[in-house]
Amino acid sequence: ERNQRLFYKLLIDNVEELLPVVYTPTVGEACQKYGSIFRRPQGLYLSLKEKGKILQVLKNWPERSIQVVVVTDGERILGLGDLGCQGMGIPVGKLALYTALGSVRPSACLPITIDVGTNNGSLLKDEFYIGLKKKRATGQEYYEFLHEFMCAVKQNYGEKILIQFEDFANHNAFELLGRYKNTHLVFNDDIQGTAAVVLAGLVAALKQLSRNLVDQTFLFLGAGEAGTGMAELIALEMSKQGNTSVAEARKRIWLVDSKGLIVESRMESLQEFKKPWAHDHEPIEELLDAVKAIKPTVLIGSSGVGRTFTKEVIEAMTAVNEKPVIMALSNPTSQSECTAEEAYTWSQGRAIFASGSPFDPVQINGKVFVPGQANNAYIFPGLGLGLVISGAIRVHDQMLLVAAEELGGQVSGENFNKGMIYPPFSKIRDISAHIAAKVAAKAYELGVATRLPQPTDLIKYAKSCMYSPVYRNYRLNIFCPTEGFSSHSPGPHF
């Protein structure tokens, strides 16, 4: 709030240390307490009271050249549930990372919270709650308001404005992405960003293990927007690598939701986005029994429920795999399916582990393991930069695949030997530039780029477009009490 340049300079120079402060896990606590710590508004609030006037409200924002909008309605903040207007911490935090990691200039970023009420009873009774004190709007009222918002953003900022959806509830997240992916430049970080960063980790791990993606069997705990989004992108990559159909690739991917394994006998009661994952198998209610029956090589958690990868589950994975890949992705830390220490200890140091929230290194039998963090911040800043520099008007799945492949390719053997399946965050700006170049190249290839002609060296071009909070170097002629000022100057000068 006091010095934006200094903030980004500090963040960029100390990104590994400060990322957990700017984003997961601290951002979750900040959202929970947002009404109590609120000092001045950051971002733009659009409430139901502005229905019919959203375009007018957008025009009140002082910056005109906006390139990226991150928007939430606060209904599903991380694994914390409905935080209503207090979810503003998410778009603010995401856009801070867009600037620090993807180098989109701060003035081109606009955080927005859609206030349609909240179903959080404690917030409705809280005198410090900053949003509308009413139950959430749903159905036609909700979608009409969101449609006015989407149209107003495009009208005000143009065809190339990137709109990133954050922390919408499952039923709205899939609906909004499906409605607008063919008419707007839209991206859902929970569905697509999480999927891309998880795929990148798998690409890196399997490369180091000399295993093929198409030969793996996947089991997901959690079949919401994150779980099904990951599963679909993995199936697309398996289809690409194996030269087979996506439907065939899906057969190697199994999902468990709150009612157990998703199987064909449950088809009529399943939500639409779960139906592609209903395979022919007898019903199984417990995760442990599913692991024993399916014998997956990769276990991925996106359930939002902590401590569900129990000792028995990890031991069952280890019993059927020499090197089980275990990804406990739910945020914040308290909601993680297991800790790094649990995964390494219960697998006798054999697990290839990554989590959604950061965990400290773990020592097992004299060896130190550095757990990887499957943080969306590896993907979305570079993806966004690539869309911006190419002037893309649509996001395609192929862009997500090349972004994931590029990130996975950045992991060295030295990183992997420490237990890491993601590169160190200290290199994130360079990684983002490479991801941006791949995404931009794919945009040109697909014919959705509008910034013409195409630059010959996209990596160089991406780096030239990156925002840097540079401080000028000043030289001071130091005053020496015994000699006075230098003869050519009446005093200290810059």
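The questions below concern a predicted model.

Visitor: In helix α8 (residues 139–157), how far apart are the end C-alpha atoms?

Guide: Helix α8 has 19 residues. At 1.5 Å a residue, they should span 27 Å.

Visitor: Which residue just after α8 takes a positive phi?

Guide: Within α8, the buried residues include Tyr142, Phe145, Phe149 and Tyr157. Just after this helix, the chain has a positive phi of about 100° at Gly158.

Visitor: Is α17 roughly parallel or roughly antiparallel to α19?

Guide: Helix α17 (residues 397–408) and helix α19 (residues 428–446) pack with their axes 9 Å apart, at an angle of about 150°. Angles over 145 degrees count as roughly antiparallel. The angle therefore makes the arrangement of α17 and α19 roughly antiparallel.

Visitor: How many residues of the contact of α17 with α19 are nonpolar?

Guide: On the α17 side, Gln398, Met399, Val402, Ala403, Glu406 and Leu407 take part. They meet Ile431, His434, Ile435, Lys438, Val439, Lys442, Ala443 and Leu446 in α19. Of the residues in this contact, two are polar and three charged, while the number of nonpolar ones is nine.

Visitor: What is the omega of the peptide bond from Thr24 to Pro25?

Guide: Pro25 is in the loop between α2 (15–22) and α3 (26–32). The bond from Thr24 to Pro25 is cis, with omega near 5°.

Visitor: Is Leu78 buried or exposed?

Guide: Leu78 is not a glycine, although its phi is positive, about 50°. The loop between β2 (68–72) and α6 (89–102) holds Leu78. Buried means under 20% relative accessible area. Leu78 has 11% relative accessibility, so it counts as buried.

Visitor: Is Ser210 buried or exposed?

Guide: Ser210 has a positive phi of about 55° although it is not a glycine. Ser210 lies in the loop between α10 (189–208) and β6 (218–221). Exposed means over 50% relative accessible area. The relative accessibility of Ser210 is 68%, so Ser210 counts as exposed.

How values were computed
Residues numbered from 1 in each chain as written. Predicted model: local features only at pLDDT ≥ 70, side-chain atom pairs only at ≥ 80, totals over all residues. Heavy atoms only, no water. Helix = DSSP H or I, 4+ residues; strand = E, 2+ residues; numbered from the N terminus. Expected span 1.5 Å × (residues − 1). Buried < 20%, exposed > 50% of the residue type's maximum accessible area, 1.4 Å probe, protein only. Axes fitted to C-alpha atoms, helices over the stretch in contact; angles between N-to-C directions. Parallel < 35°, antiparallel > 145°, perpendicular 65-115°, else oblique. Contact = heavy atoms within 4.5 Å. Nonpolar A, V, L, I, M, F, W, Y, C, P; charged D, E, K, R; others polar.
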